[in-house]
Amino acid sequence: MSALLSVRGLVKRYRLPRTRLLGAPPELVAVDGVDLSIDAGRSLGVVGESGSGKSTIARAVMALETPSAGTVELLGRDLNALDAESLRRARRDIPMVFQDPYGSLDPRQPVERIVAEPLTAIGRVAPAERRERVADALASVGLRAADLDKYPHEFSGGQRQRIAIARALITRPKLIVADEPVSALDVSVQAQVLNLLRDLQDRLGLTYLLISHDLAVVDRVCDRVAVLLAGRVVEAGTPAQLFSGAAHPYTRALLDAVPRADDPDRRRRLRAQAREARAAARVASDVLPADASVHAGWSAGCAHAARCPYAVERCRIEAPVLREDGNGRAVACHRADEVVALASAVQ
């Protein structure tokens, strides 16, 4: 069975202002050769720090950005090869839920008009049918038909995000792109919205591409996770694989950043892990292969090397390639096996 969404070799470059009058304008590579796929009814989380390229991928999937290279296919159709009218119709199958539930809703419009807005991609809809469909969409996210004539300022942040989700559901889409959908909400409200997303997936068979910087969020919703660093996927697998035995030091750094009130010895173990890693790195630096080559496209090495306690000279001059391990996980790290072994030894 072919994937619902298939992203292959995605590259996005942005041209920056000239630094010299006669020189060529510099380029920023925001996304550099990313491959992703999602089967119908499943969910993929893309996580990484700010500036890693997550939102650029989301905009490319929505066909709001034209890739510099690569393809984005929905049900086998290259979105960037469609004409304007076909693309307008295709977008009803890939709505987006934005980060800010306050800024993404027009404060001058009632809820009925806000939620019904995507129906314009379908064509003319009778007012009675439109109102019924909006009421059904609101009911599916736990709101009432009585809310149809209210305005956004009459709702809490969590309720506004429910309205945004109802707007995404109104066209009965095949894929929902959620870009940091709970990061602007209180922690207690985040749990409610995440539970709603899972419930909607179970009831309606929805497919999600979830963009987040928070690994705990994707753990609640996603079947697979791709960890993004400097525009490249450095590790991918199921949440259980990544959270119980991450093989890339950057993934481990993201996990270590998550507060854990039930682990008072965690800082001590992390310091011990870093000491062990640095000691091993000094030994491993003596075995750099003679044919190690400089990668021209990714800072001539691993983007995490400057911050990584496991880094050796090879990491700084040769960009690692994303390789699958045969168990559904892939990692781009020269020392992945040693990272797992060293981390296990100090736990």
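Residues are numbered from 1 along each chain as its sequence is written, and side-chain values use heavy atoms, with hydrogens and water left out. As the model is predicted, local features need pLDDT of at least 70 and side-chain atom pairs count only at pLDDT 80 or more, while totals for chains, interfaces and linings use all residues.

**Exercise 1. Confidence**

Task: Find the average pLDDT of the protein and describe residues 276-297.

Solution: 
- Start with the score: pLDDT is the predictor's confidence in each residue, from 0 to 100.
- The average is 83, and 85% of the residues score at least 70.
- Now turn to residues 276-297, where pLDDT is below 50. Beyond near neighbours in sequence, this stretch still has 31 contacts in the model (contact means heavy atoms within 4.5 Å).

**Exercise 2. Salt bridges**

Task: Count the salt bridges, then work out which parts the D149 and R131 pair ties together.

Solution: 
- Apply the rule: a side-chain nitrogen of Lys or Arg lies within 4 Å of a carboxyl oxygen of Asp or Glu. The count comes to 21 salt bridges.
- D149 and R131 meet at 3.2 Å, N to O. D149 sits in the loop between α4 (127-140) and α5 (157-169), and R131 in helix α4, so the pair links parts 18 residues apart in sequence. (Helices, H or I, of at least four residues and strands, E, of at least two are DSSP runs numbered from the N terminus.)
- Check accessibility: buried means under 20% relative accessible area, exposed over 50%, and partly exposed in between, using a 1.4 Å probe and protein chains only. D149 is partly exposed at 49%, and R131 is partly exposed at 32%.
- Compare R314 and E318, whose closest N and O atoms are 3.0 Å apart. R314 is partly exposed at 27%, whereas E318 is buried at 18%.
- Finally, look for shared partners: salt bridges join E112, R130, R131 and D149 into one network.

**Exercise 3. The largest pocket**

Task: Give the volume of the largest pocket and say which strand gives the most to its lining.

Solution: 
- Set up the search on a 1 Å grid over the protein atoms alone: a cavity is a set of points where a 1.4 Å probe fits but cannot get out, and a pocket is an open set with protein on both sides within 12 Å along at least five of seven lines; lining residues have an atom within 4 Å of a point.
- Grid points are joined across faces, edges and corners, and a volume is the space filled by probe spheres set on the points. The largest pocket has about 660 Å³.
- Of its 29 lining residues, D35, L36, R224, A236 and L322 are closest to the centre.
- β2 (27-38), β3 (43-47), β9 (224-229) and β10 (232-237) each supply at least two lining residues; β2 gives the most, with seven.
- Sort by class: Ala, Val, Leu, Ile, Met, Phe, Trp, Tyr, Cys and Pro count as nonpolar, Asp, Glu, Lys and Arg as charged, and the others, Gly among them, as polar. The lining has 15 nonpolar, four polar and ten charged residues.

**Exercise 4. The largest cavity**

Task: Count the cavities of 30 Å³ or more and describe the lining of the largest cavity.

Solution: 
- The count comes to one.
- About 90 Å³ of space lies in the largest cavity.
- Its lining has 14 residues, with P249, C302, C308, C315 and C333 nearest the centre.
- By class, ten are nonpolar, three polar and one charged.
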